[in-house]
Amino acid sequence: MNIIDKRNSLASNRSRSYRRRARSAIRNIAIHHSATTSGSAEAFARYHVNELGWPGIGYHYVVGRDGSISRCHDLEVVSYHVGNSNGHAVGICMVGDFRSQSLPDAQRRATLDLTRYLMDELNIPVDNVWGHIEFPGYSWKPCPSISMQSFRNWLRDEGATRTGRPTPAPTYVAGVRQRSILSRGDQGDDIRALQERLDELGFLPGPIDGIFGRQTADAVMRFQRSASILVDGIVGPQTREALRDFEPTADPPEHGSPTDEPDEREEMYRSETRRMLRFIQPMMRGEDVQEVQQKVGATVDGLFGPETEERVRQFQRTERITVDGIVGPQTWRALDRVDATNGVSYQRLLSVQTPFIRGTDVKQVQQALGVTADGIYGPLTAQAVRNFQRGESIAVDGIVGPQTWRRLFN
């Protein structure tokens, strides 16, 4: 059983990290499928980090359809894959959508070997090997979409044939090489990873064969042109960083079955499957950015720039959540609470600015406060808001955020 060690090569969040635990705390092995017809540890990690804002990939191991095994975390890492059970479970993800695809024998055998090894290593009984669907709160989720009773029976049969013989220890092999400069004529795993990323972004590098040929060079140059960086067909630090952060204009592909943050209920699903929005270069753009801008009172241009980042920070302070200017799952949930109350819809943060904010939402606030309803948010309106906030025993700042809005119209 060969395991490719990718713990230090997968995408990870620079500002967040998973907590750790003692091995003695582990009492379950969780079996997942990715709910995608293809994928890899690299693709899942990028999705979990760049789109969901997680500290790293959600799984400890990923098993490819060819039986290859990627190690993604230390066993002591508490990653996101089974909600409230994350603290005592190790996650194995099999690439594939087993609602419509069959489980290849090589992948089944590799997953069984890995699971048996972890059972022996962690002293976990076969009855504690569960599918995602079998964990508390997930009876609705079709994951891993195989018969877990059959899977446990396979493990029992395997164990019976090994009575008196220890499970072979895995052989760890190096992960994908990470040369600092890639150019035409190079070959290797890092070229294959480059081709996969270019293909994922829609730049069509030709065969995914690990050979940096003419088609791959052409795809690199087309990507560089789209990313507004030096066009030379060579993958150096600048191109590598742009590849990591590039946002395709089309909807991003689903790279992994949605998992969730610890200690959150599944109704949080929608907020955790939308992409994370933040100020980067090139700037993120889209309808989801416009939605955020409307709700936090930023200029609605669909570009997540410095002004939008600052408005998000103001919103986060008002909501008393982590202030980082990033729209991740927590901020999405807070924004989702900003909706219609008594038929009056909250749209944005209202405050005194230059030029003054104008609009029907300002007029609604003024009417609720009993001041001149001219639709212009000036000093007199802000003072009336402060008086109202003082009477409601909430933060007195003269700004109409979600909390003040709800008090005004509830």
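Colleague: Hi! To get my bearings, how many helices and strands are there in the chain?

Modeller: Hello! This is a predicted model, so please read everything I say as computed from it. The chain has 13 helices and 11 strands.

Colleague: And what share of the residues counts as buried?

Modeller: Of the 410 residues, 51% count as buried. The chain exposes about 18800 Å², and carbon and sulfur atoms supply 48% of that area.

Colleague: Nice. Now pockets: what volume does the largest pocket have?

Modeller: About 1200 Å³ for the largest pocket. Its lining is made up of 42 residues, and the closest to the centre are A11, S12, V49, N50 and R244.

Colleague: Which elements give two or more residues to that lining?

Modeller: They are α1 (41–51), α4 (189–200), α6 (237–245), α9 (306–319) and α10 (329–336).

Colleague: And how does the lining split by class?

Modeller: The lining of the largest pocket has 16 charged residues, 14 nonpolar ones and 12 polar ones.

Colleague: Changing topic, which residues does a cis peptide bond join?

Modeller: C143 and P144, with omega at about 15°. You will find P144 in the loop between β6 (129–131) and α3 (148–161).

Colleague: How accessible is S145, in terms of relative accessible area?

Modeller: The relative accessible area of S145 is 26%, so it counts as partly exposed.

Colleague: Then there's S393. Where is it found?

Modeller: S393 is in the loop between α12 (379–392) and α13 (402–409). S393 has a positive phi of about 60° too, again without being a glycine.

Colleague: Is S393 buried or exposed?

Modeller: S393 is exposed, with a relative accessible area of 68%.

Colleague: OK, over to the cysteines. How many disulfides does the count come to?

Modeller: The count comes to 0 disulfides.

Colleague: Take C72, then. Which cysteine sulfur is nearest to it?

Modeller: That of C93, which is 8.9 Å away. The cut-off for a disulfide is sulfur atoms within 2.5 Å, so C72 is in no disulfide. At 3% relative accessibility, C72 counts as buried.

Colleague: And for C93, what is the nearest cysteine sulfur?

Modeller: For C93 the nearest is the sulfur of C143, at 7.2 Å, and C93 is in no disulfide. C93 counts as buried, with 0% relative accessibility.

Colleague: What is Q290 in contact with, leaving aside its neighbours within four places in sequence?

Modeller: Q290 is in contact with V300 and G302.

Colleague: And how far apart are Q290 and D301?

Modeller: They are 11 residues apart in sequence and 6.5 Å apart in space, C-alpha to C-alpha.

Colleague: Great, thanks a lot!

Definitions and conventions. Residues numbered from 1 in each chain as written. Predicted model: local features only at pLDDT ≥ 70, side-chain atom pairs only at ≥ 80, totals over all residues. Heavy atoms only, no water. 1 Å grid on protein atoms, 1.4 Å probe; cavity = no way out; pocket = protein on both sides within 12 Å on 5 of 7 lines; lining within 4 Å. Points joined across faces, edges and corners; volume = space filled by probe spheres on them. Helix = DSSP H or I, 4+ residues; strand = E, 2+ residues; numbered from the N terminus. Nonpolar A, V, L, I, M, F, W, Y, C, P; charged D, E, K, R; others polar. Buried < 20%, exposed > 50% of the residue type's maximum accessible area, 1.4 Å probe, protein only. Contact = heavy atoms within 4.5 Å. Areas by Shrake-Rupley, 256 points an atom, 1.4 Å probe, with all protein chains shown as cover.
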